[in-house]
Amino acid sequence: MNFFGEAKALVKANIRDYGMYIALIFIMLTFTIMTNGLFMSSRNISNLLDSAGYIAVLAVGMTLVIVIRHIDLSVGFLAGFLGAIAAIFLTQMGVSVWITIPAILILGALIGLVNGVLIAKIGIPAFVATLAGMLIFRGALLQVTEKTGTIIIKDDQFNAIGNGFIPSIMQINGLHLLTLLVGLVGILLFVYNEISTRRNKMTYGFEVMSSGLFSAKLVLISAIIGYITWILAGYNGLSWTVIIMIIVVVIYHFLTTKTVLGRHIYAVGSNPEAAHLSGINVQKITYIVFGSMGMLAALSGILFTSRLQSATTTAGTLFELDAIAAAYVGGVSSAGGVGKVTGAVIGAIVMACLSSGMNLLGVGISYQYMIRGGVLAGAVIFDVMTRKQRA
Amino acid sequence: MSEYILEMNNISKEFPGVKALSNVNFKVKKGEIHCLVGENGAGKSTLMKVLSGVYPYGNYTGDIVYEGKVQQFNEISDSVKVGIGIIYQELALFPDLTVYENIFAGNEQKKGPFVDWNKTIVQATELLQKVKLRVTPETLIKELGVGKQQLVEIAKALSKDVNLLILDEPTAALNEDDSENLLVLLKELKEQGISCIMISHKLKEVINIADKVTVLRDGQTICTLDASEGEVSENVIIKNMVGRDIEDIYPKRPDKKIGETILELSDWTAYDSQLGRNVVKNVKLEVKKGEIIGIAGLMGSGRTELALSIFGNPKNYKIQGNMKMFGEKKVLKHTSEAIKAGIAYVTEDRKGDGLFLLQDIKSNVSAAHLKGISTKGILNLNEEVKVGTTYKDSLYIKASSLEQIVGKLSGGNQQKVSLGKWLFTGPKILILDEPTRGIDVGAKFEIYTIMNELINEGMSIIMISSELGEVLGMSDRVYVMAEGSVKGELTMEEATQETIMELATQ
């Protein structure tokens with residue numbers, strides 16, 4: 001097969017995944033042209049990624065929840081509530097950041113676990129159980145912020161999570177050095193990982209991509225990582241939010257694609273009866289997925305609270321729906337068993353790009369909602385159509 | 001007008017790859033009870049679906065003459081209009097609605113644009129008297145037992161002025177009293193001039209009630225027996241039901257090496273709390289190393305339930321009795337424990353609860369034994385491909401690659417993937433539930449060959465099957481089940497189609 005034939009076959013086989021990246025690039029290019037390059041400026045991209053962070057981590061957890069055929073509506077206000085608790089820990093109780101953050105994450109996981117038990121053990125539909133949770137946490141958030149109103153946080157370390165950047169060591173031509181180094185390490189790790197995977201496959205005697213296409217893929221993706229790093233290095237460098245986002249994605253990507261637990265999650269999603277008959281503990285998987293969702297909701301709450309440097313009475317409003325939208329744009333299927341965490345993050349970035357780009361263009365908020373709704377519907381329509389073609 | 005209310009002439013119906021009915025002739029006289037019997041898959045239900053319009057006109061060939069007129073039913077409502085009422089095996093009632101709402105569901109009594117509930121209730125009361133059901137029309141369906149629900153179904157059919165009532169295994173889920181009541185009612189309806197077609201597996205009932213019996217086998221009419229001529233007897237019916245020549249598609253095993261007992265059940269009873277009855281009753285069974293146990297019986301005889309109760313009890317039956325493996329007492333509380341103990345269960349419904357249809361071949365094969373391709377919870381995806389390839393080759397799975405989505409494979413290949421998944425768990429006892437249902441002869445032969453290879457390697461197989469040929473051709477011993485209990489254990493010298501069918505229809 002020649003180079004282009006193979007590339008075409010590859011794109012065709014992975015049209016759903018690649019379609020999303022192509023859509024993202026298309027959206028970014030459109031906005032860049034319409035804003036005369038302002039959209040792709042270092043400052044805007046940096047802000048955009050930071051604003052996507054707290055939804056992206058929720059979308060990662062939500063993807064797994066939807067993969068096992070459930071839904072979690074409680075995560076928005078849970079994030080708001082736990083953010084407020086974190087603020088209370090830091091300001092009124094004087095607990096250190098290093099204790100507050102793990103404590104909030106554990107609290108989130110425990111609350112998620114309660115959802116899991118209600119759903120898997122007691123048999124309450126996820127929609128209802130988490131709707132109840134949504135009301136409860138909304139009330140709880142009001143309760144803890146009622147007396148004080150907005151709680152302002154003065155802890156610099158905590159606030160850095162949502163606003164700070166990694167130290168630069170030194171600036172070279174106005175570029176952020178450590179960011180460039182991180183980008184370089186990222187590229188090297190990616191290339192090393194790809195090559196060793198390929199070599200490993202070859203020792204097993206399996207078919208691999210032709211070396212031409214393989215090199216093209218390495219160059220293309222390295223160039224994209226490099227370009228994004230270069231853009232970010234032009235402003236303040238990598239923010240802690242982006243670092244956290246990347247860590248979450250890497251961990252969850254590994255978990256879902258390379259571990260027994262990940263397989264079990266997808267098995268439960270694609271056919272719960274068959275999963276049970278295959279010796280998989282469906283209840284336990286449900287606990288784990290909701291526990292992880294709760295923990296990520298806590299992380300989202302920390303990111304958001306830190307970004308605002310304060311806990312407000314309305315924090316977390318509609319986060320859950322943004323996360324669900326991001327997960328669907330990212331290709332998760334409500335029929336269960338299908339969806340990637342990388343897709344969810346891209347979905348969150350697509351939505352953030354739309355908001356950011358339309359803000360730059362001065363599009364009214366009313367139109368923004370309509371356009372975002374249209375994109376969500378369009379993504380799912382594309383998904384359904386490509387799935388039909390394959391089936 | 002002719003003496004027949006219904007004549008079905010030369011009915012043929014094909015499904016892709018299978019001829020379900022070929023030139024079936026079936027005639028019902030006015031005011032008679034006509035029973036339709038045959039093995040599972042003989043074509044009884046298909047014939048009734050043709051008659052009631054589930055398969056529309058043009059979907060089959062042949063004529064349906066009803067009350068002297070050739071009929072062309074395009075949908076079920078067309079057959080209802082001329083007075084044909086059908087009651088399916090699975091009741092189609094709404095459990096949370098009242099009796100009167102159910103009787104007139106889809107046939108609401110109206111005054112102008114509104115439902116006239118008073119009229120509805122009055123008419124429902126009359127119909128309940130007609131079927132001798134002593135409950136108020138306001139009772140909710142879910143508060144009634146299955147027997148009474150069956151009567152509501154009949155009342156519902158009568159509400160539409162039926163002349164021909166079709167019942168598909170009406171007594172399958174009923175106890176003896178309820179069955180008896182139902183049969184009495186059918187006889188009374190007959191006095192009122194309503195003809196009736198009844199599909200049944202219980203031959204005693206058939207003999208008790210039928211004026212005529214038509215036997216179907218492999219989609220063909222074998223004979224119609226007349227009770228008034230004294231032609232109807234259990235022996236005659238059974239002989240006609242099973243009289244097929246067994247094709248020689250069963251590969252012989254050269255030498256049998258049957259070893260020690262490895263699985264023993266005694267007083268094994270499983271209670272299904274959702275159905276509220278014992279689905280397995282006092283079963284005693286043993287399996288020896290290197291043998292194939294055939295479990296015969298008709299659908300609903302408790303075979304699958306027995307398998308599930310052994311395989312870690314995924315349906316949460318309340319289980320009494322003892323299970324021993326290799327002489328040691330075992331209590332298996334989850335399918336994962338059963339797999340660990342060396343039991344594998346290849347399900348009857350491979351699409352419903354056997355396979356992950358959206359996933360590819362290799363991840364289906366590894367799904368029940370991910371330990372085998374991982375270390376400390378981390379998968380070795382290359383190892384998975386290797387395992388997948390091994391089973392793809394050794395089980396002759398025909399697919400373009402291991403990445404092929406299982407939902408797109410043919411039935412036979414899906415069955416082999418399912419088999420591969422369970423063989424990868426390294427079982428000592430393999431339970432196969434209807435291993436060759438819906439797959440073609442070539443694939444069947446391959447599966448039988450694989451079974452023999454496994455036996456030679458020292459595995460034991462429990463094979464649940466509705467195909468008598470398969471049971472006789474492959475087993476070393478046969479247990480026959482009916483109504484949840486083992487009605488008999490037969491050696492291969494004793495087992496014939498007739499002896500099995502006799503035990504199964506008890």
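## Second largest cavity

H11(A) gives three residues to the lining of the second largest cavity, the most of any contributor. This cavity belongs to a predicted model, and its volume is about 50 Å³.

From chain A come Arg263(A), His264(A), Ala267(A) and Ile280(A). From chain B come Phe356(B), Gln359(B), Ser363(B), Ser366(B), Ala367(B) and Leu370(B). Two elements supply two or more residues to this lining: helix H11 (260-270) of chain A and helix H12 (361-366) of chain B. By class, the lining holds five nonpolar, four polar and one charged residues.

## Largest cavity

The volume of the largest cavity is about 70 Å³. Its lining is made up of Glu39(B), Asn40(B), Ala296(B), Gly297(B), Leu298(B), Ser465(B), Ser466(B), Leu468(B), Ile500(B), Met501(B) and Ala504(B). Strand S15 (292-297) and helix H17 (497-504), both of chain B, are the elements that contribute two or more residues to this lining.

H17(B) provides the largest share, three residues. Sorted by class, six lining residues of the largest cavity are nonpolar, four are polar and one is charged.

## Whole structure

How many cavities of 30 Å³ or more does a search of the whole structure find? The search finds three.

Notes. Residues numbered from 1 in each chain as written. Chains lettered and ligands numbered in written order. Predicted model: local features only at pLDDT ≥ 70, side-chain atom pairs only at ≥ 80, totals over all residues. Heavy atoms only, no water. 1 Å grid on protein atoms, 1.4 Å probe; cavity = no way out; pocket = protein on both sides within 12 Å on 5 of 7 lines; lining within 4 Å. Points joined across faces, edges and corners; volume = space filled by probe spheres on them. Helix = DSSP H or I, 4+ residues; strand = E, 2+ residues; numbered from the N terminus. Nonpolar A, V, L, I, M, F, W, Y, C, P; charged D, E, K, R; others polar.
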